[in-house]
Amino acid sequence: MTTVLVANRGEIALRVLRTCRELGFGTVAVHSTADAGSAAVRYADRAVCIGPGPAKRSYNHIPSVIEAARMTGADMIHPGYGFLSENPDFAEVCAAEGFTFVGPPAPVMEKLGDKAVARAMMVDAGLPLLPGSTEAVDDVDDAFALAETIGYPVIIKAAAGGGGRGMTVVRDRGGFHDDFRRTRATATAVFGDGRVYVERYLDSARHVEIQVLCDAHGHGVHLGARDCSVQRRHQKLVEETPAPGMSDDTVHGMGEAAVRGVLAAGYTGAGTVEFLVDDQHRYYFMEVNCRLQVEHPVTEMVTGLDLVAEQLRIATGDPLGFTQEDVTPRGAAIECRINAEDPARDFAPTPAVVERFTPPGGPFVRVDTHVGAGYRIPPDYDSMLAKVLVWAPDRAGAIARMDRALEELELTGERLVTTAEFLRTVLAEPAFADGEHDTALLDRMARGRVGT
């Protein structure tokens with residue numbers, strides 16, 4: 001393997017390219033016309049334009065990506081996250097065309113990407129699930145009968161969903177039928193797949209995930225737990241490790257369960273097993289993400305492992321170079337996503353031109369970004385501009401360091417609003433500072449502001 005094509009854009013493309021260069025791989029960046037002057041394009045050894053701005057005509061257009069790999073002599077394709085990263089058809093085409101896909105095999109991705117199928121597989125592997133359907137439910141009356149049995153509130157989820165979309169919380173029986181039909185229609189429109197399943201909804205829960213690495217020789221390890229409970233519209237804003245307040249025994253149990261589940265599915269590569277954790281620290285399987293996560297750097301900061309490097313080694317057939325006993329996380333790390341969004345307007349996107357950008361500095365501060373002064377934020381893609389990460393010996397120190405880093409960050413432009421100041425407010429919220437927050441934190445903060 002000599003050359004890696006990165007089938008993505010923005011900060012993750014640049015982040016993958018850097019590790020590829022450190023490992024001695026040649027690099028290829030693909031880009032849309034909207035990203036012609038991007039940092040990733042400038043950094044890579046070669047760059048290929050694969051289409052116009054809209055993702056469906058560029059980053060999500062499989063023939064264009066494959067042709068770019070063919071014409072540049074790439075032999076590996078790293079999908080980053082988002083776009084084609086969890087598309088089993090893309091992984092299958094890569095294999096058929098002779099390219100090594102940096103991720104799990106297409107059949108494994110297809111099974112785990114179907115939330116209903118994944119739930120059934122994890123039941124067989126002995127993972128705990130919230131009460132609900134273990135397969136897709138097509139009939140609204142059958143779904144209603146199930147909801148009546150397990151009790152409200154329930155959540156209706158798209159079987160092919162992701163990114164916080166295709167979910168509806170139903171709090172009482174009166175609106176169930178309409179919500180069921182509406183969720184199926186959304187799932188069909190967004191994912192091209194109208195199948196849904198139903199499960200118990202936890203109002204007060206934490207979103208905790210386990211990072212796993214599995215090689216092609218049947219070995220798997222977990223790298224600890226990340227808490228991702230600070231969310232808006234089921235999309236994460238703050239992530240940290242270790243998960244605050246969770247005992248080593250609980251994390252170890254979740255980790256063992258996660259590895260057992262993905263190995264039973266035949267998984268290889270880096271992946272994330274997501275759980276909901278209730279106020280009694282009981283955990284329930286939610287889904288598997290068959291890719292690198294946006295928040296993977298917090299795990300890197302406490303373990304000292306480069307997860308992209310591990311992905312590439314696994315993809316080339318190497319066995320894991322360490323065992324579970326060798327994984328020794330140290331300290332605490334926090335990541336804040338800096339999005340071009342206005343929290344005061346329900347996080348509406350604010351595409352604009354970046355006029356000034358000064359990242360924070362100092363020890364144990366990392367900024368993953370692709371932007372700089374003069375960068376025009378395109379309206380075609382996700383609104384994330386940067387990830388600010390910090391490490392400290394303990395969580396209190398990490399919170400203080402992150403607050404300082406966000407205060408120091410300068411990212412401005414006419415009509416540009418970011419989430420930076422809002423995230424400082426989140427860090428100062430007593431529930432977060434005490435490690436007692438859950439996925440409803442931002443809703444409670446919003447109600448508090450309304451009431452003052």
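Predicted model: local features only at pLDDT ≥ 70, side-chain atom pairs only at ≥ 80, totals over all residues.
Close-up 1. Glu97 sits in the loop between α4 and β5, while Arg70 belongs to helix α3 (residues 62-72), so the pair ties together parts that are 27 residues apart in sequence.

**Close-up 2. Arg173 meets Glu148.** Here's another salt bridge between side chains, this one with an N to O distance of 3.1 Å. The pair links distant parts of the chain, 25 residues apart: Arg173 is in the loop between β7 (165-170) and α8 (176-191), and Glu148 is in helix α7 (residues 140-150). Glu148 is partly exposed, with a relative accessible area of 34%.

**Close-up 3. Asp193 and Arg195.** The side chains of these two residues also form a salt bridge, at 2.9 Å from N to O. Is Asp193 buried or exposed? Asp193 is buried, because its relative accessible area is 18% and the cut-off for buried is under 20%. Arg195, at 27%, counts as partly exposed.

Close-up 4. Glu209, Arg226, Lys236, Glu239, Glu274, Glu295 and Arg337 are all linked in a network of salt bridges. Across the model, the count comes to 36 salt bridges.

Close-up 5. Which residues of α5 (residues 106-113) are buried? They are Ala106, Val108, Met109 and Leu112. These residues cover an arc of only 160° around the axis, which puts them on the same side of α5. Now check the face turned away from that buried side: it carries the exposed residues Pro107 and Glu110. And what do the buried residues of α5 pack against? Their neighbours are α4 (88-96), β5 (100-101), α6 (115-124) and β13 (283-289).

**Close-up 6. Gly245, out in a loop.** Look for Gly245 in the loop between β11 (235-241) and α9 (248-264). Gly245 counts as exposed because its relative accessibility is 63%, and the cut-off for exposed is over 50%. If you also pick out Thr27, the C-alpha atoms of Gly245 and Thr27 are separated by 42 Å. Along the chain, these two residues are 218 residues apart.

Terms used. Residues numbered from 1 in each chain as written. Heavy atoms only, no water. Buried < 20%, exposed > 50% of the residue type's maximum accessible area, 1.4 Å probe, protein only. Helix = DSSP H or I, 4+ residues; strand = E, 2+ residues; numbered from the N terminus. Arc of directions from axis to C-beta. Contact = heavy atoms within 4.5 Å. Salt bridge = Lys/Arg side-chain N within 4 Å of Asp/Glu carboxyl O.
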